[in-house]
Amino acid sequence: DKACEGNVDFTADKTYGNAPLSVQFTDRSVMKGVSWTWTANDETFSTEQNPKKVFDKTGKYTIELTVTDAEGDTNTATKDSYINVISGPVADFSYNPVSPVTGEAVQFTDESTGSPASWQWDFGDGSSSSVQSPAHVFYLPGTYEVSLTVSDRFGDSTVSKSVVVAGDPISTGLIADFTISPSTVYA
């Protein structure tokens, strides 16, 4: 048995993060391999020496590397629950009123999931905010592309929505028309 000739080991550039999580694995074996078999939860994903794998689904993954040397001897290293893929924040928001007019405060409400740690709003008019659920006033009528980016230490997510702001009838030239009756002129 030549199994004691060399040991098998590997590392990953990251072992924890949001899905999809891209992981670069590196063979650190002392044993001189000629072939490699990598599995994640018992499913083979690569026969490269130093593969990259993208984990799309959340969960814990047990990683196993089997190295075969020139004589055909194999050694295996297993790391239980080595890769932990979580569901990170997903940006979403609502706003009220849904048909705002100029000069009216619009209340934006963060509805993101995944417990974000920070918020960055861009209101599409040159102003921004890092408040979780800010209020904002648009001073000119038009369509504004409002975006919210939420982040945690593993990643971020952005959502954009078009907010249509109508002109306030009082400020957009509503014309008052009146007459006086009877039209008596006192001279």
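**Reading a core residue and its surroundings**

Reply: In this predicted model, Phe 55 has a relative accessibility of 1%, so Phe 55 counts as buried.

Me: Which residues does Phe 55 touch, leaving aside those up to four places away in sequence?

Reply: Nonpolar side chains in soluble globular proteins tend to be buried together. Here Phe 55 touches Ala 19, Pro 20, Leu 21, Val 23, Phe 25, Ala 40, Tyr 61, Ile 63, Ile 83 and Val 85. The largest nonpolar core has 19 residues, and Phe 55 is one of those with the most contacts inside it. A second, separate core has 16 residues, including Trp 121 and Val 165.

Me: How is the aromatic pair of Phe 55 and Tyr 61 described?

Reply: The distance of the centres and the angle of the planes describe a pair of aromatic rings. Phe 55 and Tyr 61 form a tilted pair, at 4.6 Å centre to centre with 55° between the planes. Phe 10 and Trp 38 form an edge-to-face pair, at 5.3 Å and 70°. Phe 10 lies in strand β1 and Trp 38 in strand β4, so this pair ties together parts 28 residues apart in sequence.

Me: In what order do the strands of the open sheet lie?

Reply: Sheet strands pair through backbone hydrogen bonds, either parallel or antiparallel. The open sheet of 3 strands has the order β1-β3-β6, with antiparallel pairing. Its edge strands are β1 (10-12) and β6 (52-55). Strand β3 (residues 21-27) is joined to β6 by 4 bridges, and Ser 22 has Val 54 as its bridge partner in β6.

Key: Residues numbered from 1 in each chain as written. Predicted model: local features only at pLDDT ≥ 70, side-chain atom pairs only at ≥ 80, totals over all residues. Heavy atoms only, no water. Pairing = 2+ DSSP bridges. Helix = DSSP H or I, 4+ residues; strand = E, 2+ residues; numbered from the N terminus. Core = buried A, V, L, I, M, F, W, Y, C linked by side-chain atoms within 4.5 Å. Buried < 20%, exposed > 50% of the residue type's maximum accessible area, 1.4 Å probe, protein only. Contact = heavy atoms within 4.5 Å. Phe/Tyr/Trp six-rings, centres within 6.5 Å; stacked < 30°, edge-to-face > 60°.
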